[in-house]
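Please examine the structure shown below together with its sequence.

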Amino acid sequence: MDSLLTDIRQNYPANRTQRFLADHSLVPTCQTACPLHMEIREYVDLVAQGKIVESLQVIRSGNPFPSICAYVCTHPCEDACRRDQVDKPVAIRALKRFALEFGGDRLIQAEAETSHIEKVAIVGSGPAGLACAYYLRKFGYPVTIFEAHSELGGMLRVGIPQYRLPREVIDTEVQRLTRMGVEIRTNTPVVSLDLLFDIGYKAIFITIGAHQSLRMRIDGEESPGVIDGATFLREINLGLRPSPGERCAVIGGGNVAFDAARTALRLGAREVRILYRRSRVEMPAGPEEVEQALEEGVEIVFLVAPIKIKREKGRLSVTCIRMELGDPDAGGRCQPVPIEGSEFNEEFDTLITAIGQAPQTPGGFGVRLGRGSTIQVEPGTLATNRPGVFAGGDAVTGPATVVEALAAGRLAASRIDDYLQHRYPLVVKETRESLTGDLLPETVEMVRRIGRVEPPILASEERSKDFEPVELVYDWETATNEARRCLRCGTGAEILSQDRCATCLTCLRICPYHVPYLDAGSTVQIPIDQCQACGTCVAECPAKVIVLRKPHDRRRVTEELEHILKTAAGSKLKPLIVGFCCQYGLFGTGTLASLWRGARAGVWIVPVLCVATVEAEHLLRALEIGAEGVFVAGCGDGCARENTASWIRQRVEKVRKILVQIGLQPERLQTFVSGTLSEDPAQGMDNFIEQVGGLYLASVMMQEVKS
Amino acid sequence: MIVAEQKPLDEISRMIASYERVLILGCGTCMTVCDAGGEREVSFLHNALRVAQSKIGNGIHIFWEYTLKRQCDPEFLELIVERVAEVDAVLSLGCGIGVQAVAERFPELPSLPGVNTSFMGMTRETGVWDERCAACGDCRLEDTAGICPITRCIKGILNGPCAGTKNGKCEANKDMDCAWLLVYERLEKLAQLERMRRYYPPRNFRTIPRPRRIISKTSVDPGEEYG
């Protein structure tokens, strides 16, 4: 038994071991695109393995309020997702929502202890303010949030309609903050910062948002019946029920315009029309939002702008003019140009303007303002011209996204910490390189197409009645399948040390994606931006010099086998059977997941990234540590990769030949590939277990006879 | 490249039976490329021997494994001097040259062959190798359009084809191409068919004095230097 535990292998030089332990994976494009730099690849992968609680841990570690992002994030990660080059991006936001709902996010408690005496005031309780409060509390500062409205949340509360972000979600996060010891003062507009300094605050973070709607500057804008989008949404979200009348027009093409239009519909407007002065391509609103609004019956009229509003007999007569697209401006968007003589009149009961918003900073703050009355700050530190005063969120950037505000809040918290501790700002540098570059057409061609599945949404006739959340959450199977679509960018294979590479070209010949190539200097290169991390070359390399870039992927099988040796191999009640199973799909999360970790007496599963990574040595090692039978189970047709099973079949055959030479029955080794099984996989597994049990019994009897 | 295949496990087991501590020594050049004795095969053999030991229980050995970049250069062997001091035998997965180099460097230690060194060849596809050169020491590939009749003709005849060629295949093996037909076809493509007409006298294999030695450094007479 002792000799089993000591598995002495090649003694490598120390520097090689260090390289072997280090994480060489690259930062994927989704993570680079996320303002919070969340470890998206990691948590999506954990969802794919069905490890929802672990996934939630990763999500929570990178985002103070993931539940809010799960509903309303504009997901720049999905826009950067390289899967888009194959079919459609991975539905990252919806997967996050799934992880939060199924991982029990509501039960998680945040804790914080006070370790500093410097008090910090946060003016405004939008996402930036809440995030800043969260992190400052974690650092140990006493924090007070001042909020002008009666409830916390800023734009989350007064701007985003309930059907997109249920209020319980904000309430849960706010409660968590209160439990952490954040002091909250609602209905307290701050007019002067001096006062705050006077009553003992050492630093102030201004995050007052951008609540002031821009004006159209046309005749009749002041008429009753004309309301701006921000005010309209605020009134509803603070409990009022304004009546938009029968016919309602919304001016603008951003998310606020769509929120206002869909809200008007829910308040009983029979006809809601969005007037936008450019075309669909230039429209800044998110595509899902546009889609859902159209389904609910909102009408969009492009290339039209109002030029005059007149109130007649209790209705609004709006004169509009048609537009055509002119030359692109500096930002690349085509400027609309009015077409002479194309004016026409329309009658509406209500007109909602949503053409943009700006911050409204009280003069008493004494901070320098910049373009569009935003607060000027130093970009790296968020410091304003007043010492100790920092600013972030929409108040600095103009109307932006929730996730950008959260990132600003987090940055502000660490900079305020630096300021209060009289430190030079510490810049945490990412040591890993970022992945860049597109997939080559040859690679794209070999990646198996798996369509993106959107989370279910309420039927359009159901949802336009009330303010119930529109989007529902994935079920278990859909979520794990959607998460499996992730290409795991940047975690692929690498040649650990070129000097040990024999340049045998095996990797180049067997790669299913034709990724490795021979460079001009006769050196094999595995370009990381193309590698799909299937691990076939890792298990085939005759010099054992190719490894996966993530240390966890490299060591996993060995560690799991050691674990089995220490826990299960000692018991002789039932013959031990070790199975190497794909961590995804049927065996990871599907019907055979019940076999996981000795749940069935005698059967132990080693989850592997892909069965193609199981080396012939692993099969032998499993037998050595006491397994009576070993099986390898892959997903076959359900696999996200092409034809990985043929490689493991070859290795199994090789080991079977050796078993015969040793004097063991080759039936002790089996491959199961679902999709090719004629019978139920569970049935096939049962038969195998029975067979191995028989062989075990026979061998025990032979031993008896011999002795 | 030198091509070899690993010996059957039972042969290796018999070979090491009388030694307790065994170093399995891989070779990182030809043997790695031909899947016979690289780091992976060393590790695989190690595991297989351990399974045999734990399941069948014949003999108790302690194994170590190490893979050198090359076994055929004495400097590389210096790297394992300390390790070798602790073992009873070295099971070399190098080619026959490696086994002899180990034996020469460590005269007091048994050096056991783990592979059957087969031929000099090239890769056809992953896992398939073909013999191409017999190392006859007198290359005439220029006249035979780059196709060696010594290795690729089963009879090794120098003036072919013989009467045993049928439909382009060899009479000795219906699956094997007639090397001389290949020579003919290639010469035709190169417009050098006249080379077929030449007569090559029989080779005198006795002129190869074994073992051969090649000296590439030039000997210099120190007295001839100009001041």
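The points below are grouped by topic.

The model is predicted. Over all chains, the count of salt bridges comes to 65. Side chains of opposite charge can pair when their charged atoms come close.

**Salt bridges in chain A**

- Arg41(A) pairs with Glu42(A) in a salt bridge, with 3.1 Å between the closest N and O atoms.
- Arg41(A) counts as buried because its relative accessibility is 3%, and Glu42(A) is likewise buried, at 15%.
- A salt bridge also joins Arg463(A) to Glu295(A), where the closest N and O atoms are 2.9 Å apart.
- This pair links distant parts of the chain, 168 residues apart: Arg463(A) lies in helix α19 (residues 460-463) and Glu295(A) in helix α15 (residues 287-296).
- Arg463(A) is buried, with a relative accessible area of 0%, whereas Glu295(A) is partly exposed at 39%.
- A network of salt bridges links Arg93(A), Arg97(A), Glu101(A), Arg106(A) and Glu471(A).

**A salt bridge in chain B**

- Lys155(B) and Glu171(B) form a salt bridge with an N to O distance of 2.7 Å.
- Both residues of this pair lie in the loop between α7 (149-152) and α8 (179-189) of chain B, 16 residues apart.
- Lys155(B) is partly exposed at 43% relative accessible area, and Glu171(B) is partly exposed at 45%.

**Surroundings of Glu324(A)**

- Glu324(A) belongs to strand β11 (residues 315-328) of chain A and is partly exposed, at 43% relative accessibility.
- Beyond its neighbours within four places in sequence, Glu324(A) contacts Leu303(A), Gln335(A), Pro336(A), Val337(A) and Ile339(A).
- The C-alpha atoms of Glu324(A) and Cys334(A) are 9.4 Å apart, with the two residues 10 apart in sequence.

Notes: Residues numbered from 1 in each chain as written. Chains lettered and ligands numbered in written order. Predicted model: local features only at pLDDT ≥ 70, side-chain atom pairs only at ≥ 80, totals over all residues. Heavy atoms only, no water. Helix = DSSP H or I, 4+ residues; strand = E, 2+ residues; numbered from the N terminus. Buried < 20%, exposed > 50% of the residue type's maximum accessible area, 1.4 Å probe, protein only. Contact = heavy atoms within 4.5 Å. Salt bridge = Lys/Arg side-chain N within 4 Å of Asp/Glu carboxyl O.
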